[in-house]
Amino acid sequence: MKSQQKEIHVFNTRFGIITGLKGDGVIKAKSIRYAYSERFQRPVPAEYFISESKLKDKTPVCPQKLSPLVEKMIGATPVEEFEPEESTQYLSVTCPENIQENEKLPVVVWIHGGSHEIGCGDLPTADPAEWVKEQHIIIVTVSYRLGLFGFLGGDEKRPPNLGLMDMIEALKWIKINITDFGGDAENVTLLGQSSGGDAIAHLMISEGVDGLFHRVIIQSAPLGLRHKRQKMSAEFLKKTAHIKDEVDVYKMMDDYGKWVPSVIKYGLKAAMPFGTQYGFFPLCKEGESVEKWRENAKKYDVLIGLNNDETAFYLKTSEALNKYFGKGFGLKILDKTVEKTTDIIYGTPARQFAENYAKGGGNIYLFRIHSKLKENPIGAPHCIDLPLIFGNESAWKSSELLKDIPWERIQRHGRKLRALWAEFARTGKIADSSERPEILELRKIEV
């Protein structure tokens, strides 16, 4: 069934006249620039809206290397639809068609994942239209600087955490402007998956964010990789310093990849060579982080959790590993490795975060998503939450990740999960009486 013809919708905002496309039950205003930046410089907020002609039919994206694993498991990236840009501070707003005058809807801000290295806010696999229609909420998707441009640095000439600073500028823009789209600036929930969840956890203890958001949903954050990254980051920065002034960003992307293997000696954390860096604005020192989360516990409602078999996304999809560990006793070893690494990187850190937060008096829920399909060999791996949250069958139909899972099952559980997450975004609570999908384990953490 074809989508209905879309029509132009005009938002008269204090930021300027912004046009969106109206159709299929939603209005989407894409690629709104919220800030500007020079290479390796802090973002400067945009003062008013200017339509950028080069983006008429394209989506801005931070220069990046495509991940063969993501291309295989989630789907091929339509590169011809994207426009690479270093200053990639853009956001898009998706709201229901039928907002009443003076209505104030809950706002969910999507911070995408991708190891702080790949992705953007406007991928088809994270199109929020279905969720917006079902739950009558507004979703803002944010793009920010990645990799060399956003998550590697070491001094004032090349500051770390520029990607985090971009997100803060986006949140400031939302605080000022979202009411003009029908959103409630006093009810903003951050939603992030994988490195996006890691970023949100660190936004909770960042300088300059007071009043910008009120709740957070953290999915599959690799918080177990956040510790003692200073030496690795310093070495990676030094080894890539010779390309910092390269004009050709495609050459930059090719060149930095040559140095990634050099940090493998740092263990599991080297699986994510880019990341947030403690001890640099807007973050505290690493040793102060746990206490900071506890101190801030009464500021934000939190929903945090993971998928049961996170690392199966990497381990059980490896042809090399399957050759030796794909059956019999080898498969038992592989299953145990998935269980152990999932716990080290995601499970135990999420539980410890939740317990620490609860001790500070915080309102926090801990969840875990399971598969429960015996014929599904990889269980509930990393990224399985994305089709559940966003739906959008057409974007996921070729996904290797879902090849053993009927879409009807994804949609049935997804509707229930989207309703729960929207309930949390509206109220900061999930009622005991609210219907839960059978794949979800959820509990409020009490001390």
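Two strands count as paired if DSSP finds at least two bridges between them. Strands (E, at least two residues) and helices (H or I, at least four residues) are DSSP runs, numbered from the N terminus. The model is predicted, so to speak for local features pLDDT has to be at least 70, and side-chain atom pairs count only at pLDDT 80 or more, while totals for chains, interfaces and linings use all residues. Residues are numbered from 1 along each chain as its sequence is written, and side-chain values use heavy atoms, with hydrogens and water left out.

Strands β12 (residues 215–219) and β13 (residues 301–307) run parallel, joined by five bridges. Ile-218 has Ile-304 of β13 as its bridge partner.

Both belong to an open sheet of eleven strands with mixed pairing, ordered β1-β2-β3-β8-β10-β9-β11-β12-β13-β14-β15. At the edges, β1 (7–13) and β15 (440–444) each pair on one side only.

| Helix | Reference strand | Angle |
|---|---|---|
| α4 | β9 (105–111) | about 165 degrees |
| α5 | β11 | about 130 degrees |

The axes of α4 (residues 162–177) and α5 (residues 195–203) come within 11 Å and cross at roughly 70 degrees. That makes α4 roughly perpendicular to α5 (65 to 115 degrees). Leu-164, Met-167, Ile-168 and Leu-171 of α4 meet Ala-199, His-202 and Leu-203 of α5.

Technical notes
Axes are lines fitted to C-alpha atoms, for helices over the stretch in contact, and angles run from 0 to 180 degrees between N-to-C directions. Angles under 35 degrees count as roughly parallel, over 145 as roughly antiparallel, 65 to 115 as roughly perpendicular and the rest as oblique. Contact means heavy atoms within 4.5 Å.
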